[in-house]
Amino acid sequence: MQPAIYDWNSPDGTSPSATGPGGWIPFGGGAKGVMVVDETLRDGLQNASGVNPPVGLKMDLLHAMARVGVDVVSVGLPAAGARHEEDCGLLCREIQAARLPLVPTAAARTVVGDVLAIARAAESAGMPIEVYAFIGSSPIRHYSESWDEGFLVGCVRSAASAARDAGLPFVLVTEDTTRAHPDLLRVLYRAAIDEGAARLCLCDTTGHVTPYGVEALVGFVQIELSEWGAKHVGLDWHGHNDRGLGLPTALWAASNGVGRVHGTGLGVGERVGNTPLELLVDNLARVGARPPVPRKHLAEYCELAARALSWSLPPDHPIAGRRFLREASGSRAYRVVAELEEREEVPPARAVGHASPPRAPASVRPRPLAGGGTEPLVPMTLRLAGEVVQLAVHPRRTLLEALRYDLDLIGTKQGCDKGDCGACTVLLDGDPVLACLVLALDADGREVRTVEHLGSADLDHLDPLVDCFDHAGGGQCGFCTPGMLMSATALLEKNPRPTRAEIKVALSGNLCRCTGYGPILDAVDQAARIRRGEADRPGDRPFAEASPPALASHDAPRKQGL
Amino acid sequence: MAASDDTRVRPAPREPAGANEGSGLVGRRGRALIAPRVTGQVRYTDDLALPRMLFGRLVRCPHPHARIVGIDATRALARPGVVAVITGKDLPERFGIIPWTPDEYPLALDRARFVGDAVAAVCATDERAAHEAADLVDVEYEILPAATDLDGAIARPEVGLGRAGTDNVSKEVALAFGDVDGLLAASDVVVEGEIHYEGSAHAPIETHCALAQLDKNGLLTVWSTTQVPHYLHRELSRVLRLPPTRIRVVQPPIGGAFGGKSEPFSLEFCAAKLAMVTGRPVKFLYTREEEFYAHRGRHPMRIRMKVGAMADGTLTAVDAETAIDGGAYSSFGLVTSYYSGQLLTLPAFAQAYRFKSTRYFTNKPPCGPKRGHGSVQPRFAFETALDKLAVALGLDPIDLRRRNLVPPDSTTLNGLRVTSNGIAQCLDAVESASGWAERRGKLGVGRGLGVASSAYISGTNYAIYPNDMPQSAVQLKVDRSGVVTVFSGQSEIGQGCDAMLAVIVADELGLDLGSVRVVSGDTDLAPVDLGAYSSRGTFMNGNAALSAAREVRHKLVAAVAEKLGVTPREVLVTRGALCVAADPARGVPVTEAIALAEAKFGTLGAVGFYNTPKLGADYRGGTIGASPAYSFTAHVAEVAVDLETGKVDVVRVWAAHDCGKALCPTAVEGQIAGSVYMGAAEALFEEHVIGKDGLHLGPNLLDYRIPTTLDVPDIVPLIVESDDPEGPRGAKEAGEGPLHPSIPAIANAIFDAVGVRIDRLPFSPSRVLAALRAAARARPAAE
């Protein structure tokens, strides 16, 4: 069977873990069996939203973590307050009670009191919690805090010994490792290992490192450990995303033999965030380092993480974004492949590569049902005339259908439903779009302006465009007119003084079958003049000429009658 | 077709013209008063939704010609959301817009005759489910031999699409007037040519839509995008076998029709039937693709025509033979066949005429009436022949036409009565506006001017079904607040007939245009009007409204005269008030006049109606083409032809149209410009091509290319007013006539520009280029 794609990642169809040309470490090589540490409930909560979600949400997220194969979870920073300490204990108990295959960890400063808070949480949960104790390690931090080497070593030793005394595994987290001097790192790591540290966590706290830097740093530490005879000490990688390299550097650390890599849900975290955990899990599966996870579990994880973090899921998120559902030509095929991957639960890298198993062509797959069944309604909002309107739509609903059939904004017309006629033109965040080609969910949270916004019950406030269309005979049957008006509105907002040729171009996507366009062009030209204050509005208003006056007021004095 | 005794109602005698007519609103330029339409805030059919509404979808035949062996809806009915499926057996009653040729079923009963013929209908709880369920209806077909073009229909009678099944003939018409052969033989010049026209679609921006509801009293209401609510009312009764008293047809505002909505379609019957079956409202909305298959567009025609003339330019005789490709069903085809010959004898014509038109059935979407029904194609043949004659005789083409004009108040060769006739003024107007005399022949290489002229009916003299009742009527309701409501059976399809009625009534009663409401297109609310076709609205419905408004005006005048102590003849109706003509300071506001009249005569209201005088010649077919008035048009087109690519750019078209009297000049100009646009589009772009397999080559608005803002010529509409003696305030039609000269004027301009004649539409770059190359090859040989 002809494979669906040609895979440049492994052109000869070899396993992705095989040694690459030139003896380089192949991407994903060495990552086999790497563990994933979920920092969402710790670093993730450092994000700008500043919330600490109810523990129930945190527990839901724990379960989702287990379903996507997370191995190690940070349950928080107990020393941050009583509630945090309590939550950490409750989360650990939930891990025990639900038998979640998660190793709990918690964060601490390299301060004895912080370690003791973890010890209390562990006590209340009745299970050990690994202590991830952090300390700044780069010269700039030392300079700004006026720290010296002796102080740092003292902190590390006291924290590590406190953990040892409490019977908890100790991990030294050196913040800003990627900008720390190797001499200091040697000193700190020796101190920690001397006190019985189980692991060292290398941090790219400022999102500074490139894959080359990862390779150099990890190699340096590995050599040191080897020389110290401390190969039992494991390594963690904790990266941030300032350069957008959070994910690649984490993958590269794993390829270089780091045993645990960190991430947070949606990559949300301090400042610009961390390595996105769901993409980390997905990619590690794609390079063959970890078992694949069904997309729906990842999507569910993302949704729960977003909820816990008070974050909104970006519509273009690669796994959980609503646009994943888009069926426009081209991307449809990708989606079919993605769905096949899930159904057959084969490793994704193989499903899109050369490997069998033979798959049924898309055409014989059972089709999704509409009108109930498999398509749930998705809540969304639109901003219409300054008002936020809430509605729920099927993912396949077009913006045109949502406007016309869900919101009864019938001014926007359907002439072809395939982007040929322009009758459904509306303004999306100020730009003219064809509402029949925009999925409603793509407009979620955005501002939509329709022809209804140009009209008014009060003639004096009628948009000059509408007025001029009526006066010049710019509309006959009126069906294309709303779309014309919206295209013209967009034009005049960008170009208040358009030439006739510019008007023609701006309206060339709107078909009219009645007028021959001449009066339409005249109307737009005249409306532009009125808006610029160079012309008066057409005067012949209805009811202006030969209508009787309003009936006399009841409040006015009466001369006669009852 | 409708021979009957001469017992028709005559038009109301006209008031003496002069000061005592109207109040100065007629003919005034102003807004169309369609602001609600312009803002999209009137509800077109698809803008209507009813509680628990179901969505329908037709199952269409994928073969050009097939016998239906069996239909199995099991899979469709099992689909969640599907409520009902019906087939032809549920509606086994033929229909057809022409009572003599009912040959359609709402759903094909045993034979599907074109790709797209409806064979079953599905309804479901949402539109997507309905569309998907339609694909699940399993239809077993036995494929039959098919004829998918004119040649196939002529060469293969055994396909058997005709009535008797032994040929493919739909209608044959052969008429002759005078000694054609003798006059042609005696002519100094005879030109002969053959033109091909592949047909075109209406392509309104609003597709067909119908919504039906059966209420608990058993009343069936059908909202439809129809331009003939009355005929739909009748056909629904026939097909559904329901008394008409149980049916109400409502025609919401229409988003463009152009003739494409002037007969019943499958969707109206199926929506109604499914509403009756399910007890829930059912809506059908045709997709853009279905719109192209439902069609009823302009007929493909192949016309061979000979025209003779004497050396002085006097036309002698015309001999025409026309093959018409009718598509799968009759539709208006009987009329089309006559119109292809009968409407040619104005405005400039010969002394003898013979035409033979044969309409063939083919396995293609059915053709019907499109703006300028049946007469646009022969007009192209004839007006280009006149151009050839002018060249051959060394005459100015405008002068050639002038020498042969049929005069006002005369009868044509084929017996059409002509009253007002402004063609001479139309020719003068375009000649002068285009700078014809100064510019023609001096525009340089690749640029040229062309002229053409035409005439068209203002309504037909006979209803589609023979009867002696009025063709059109209105009822006026006068409210003491000063509001007058016009209830009219006319169909507002964007042509502006509601505004026309408002202007006539407001003008007659001195009212503000805003005080006149028009309620139209509802068989429960309005009296019968036959519909928006044959350019009959202004002439017939306008006359009906005028007659009702005059009745009310008489009462207002009488009441005011009594109040002011003068005779009614002394009272003048002005804008807003009725006053004494000799002393305008003495008067009462219209609202007060209405109150006075209501006190004097009781509740005010009036009925107005119109019927045509008996017209038409005394031969079979002699009534088809008979109209109470004819409009006249002349165009001059200026084109620029790119000699390297063959691309024709229509730079400008001057279009002068005799509409009798422009009641609403903006609307008349809109109709002229819209007609010119549509004709130019057919000349340059549009071609409704069906492949050998019966499939449309591009059933969407990207492939079926209609012009955009960037493609249209500058159009200069010129209004000519000949003041028709029988038209309302002198008015005649403006909606269809101005289209006719478009194609030949452009064709003649192309000849003037580059010296080639393109006899096949559209004048695409490849055709023009091929003609230019052929001419270049022929030239050295000729030297």
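How many residues of chain A are in contact with how many residues of chain B? In this predicted model, 53 residues of chain A are in contact with 64 residues of chain B. Contact means that the C-beta atoms of two residues, placed from the backbone, lie within 7 Å.

Residues count from 1 along each chain as its sequence is written, and chains are lettered from A, with ligands numbered from 1, in the order in which they are written. The model is predicted, and local features need pLDDT of at least 70, side-chain atom pairs count only at pLDDT 80 or more, and totals for chains, interfaces and linings use all residues.

**Where the chains meet**

On the side of chain A that touches chain B, α14 (464–472), α15 (481–494) and α17 (518–531) of chain A each supply at least two residues. The largest share, four residues, comes from α14(A). Helices (H or I, at least four residues) and strands (E, at least two) are DSSP runs, numbered from the N terminus.

**Domains of chain B**

Chain B has domain 1 (45–144 + 208–285), domain 2 (301–462 + 617–782) and domain 3 (469–610) in its domain assignment. Such bounds come from an automatic or database assignment. The C-alpha centres of domains 1 and 2 of chain B lie 37 Å apart. Between these two domains, 20 residues of domain 1 are in contact with 20 residues of domain 2.

**A helix pair**

In chain B, helix α15 (residues 537–564) packs against helix α16 (residues 590–601) at an angle of about 90°, and their axes are 8 Å apart. Axes are lines fitted to C-alpha atoms, for helices over the stretch in contact, and angles run from 0 to 180 degrees between N-to-C directions. The contact includes Leu556(B) of α15(B) and Phe601(B) of α16(B).

**A sheet**

Five strands of chain B form an open, mixed sheet in the order β7-β15-β14-β13-β8. Strands pair if DSSP finds at least two bridges between them. The edge strands, β7 (169–177) and β8 (189–197) of chain B, each pair on one side only. β7(B) pairs with β15(B) in the antiparallel sense over eight bridges. Tyr353(B) in β15(B) is the bridge partner of Phe177(B).
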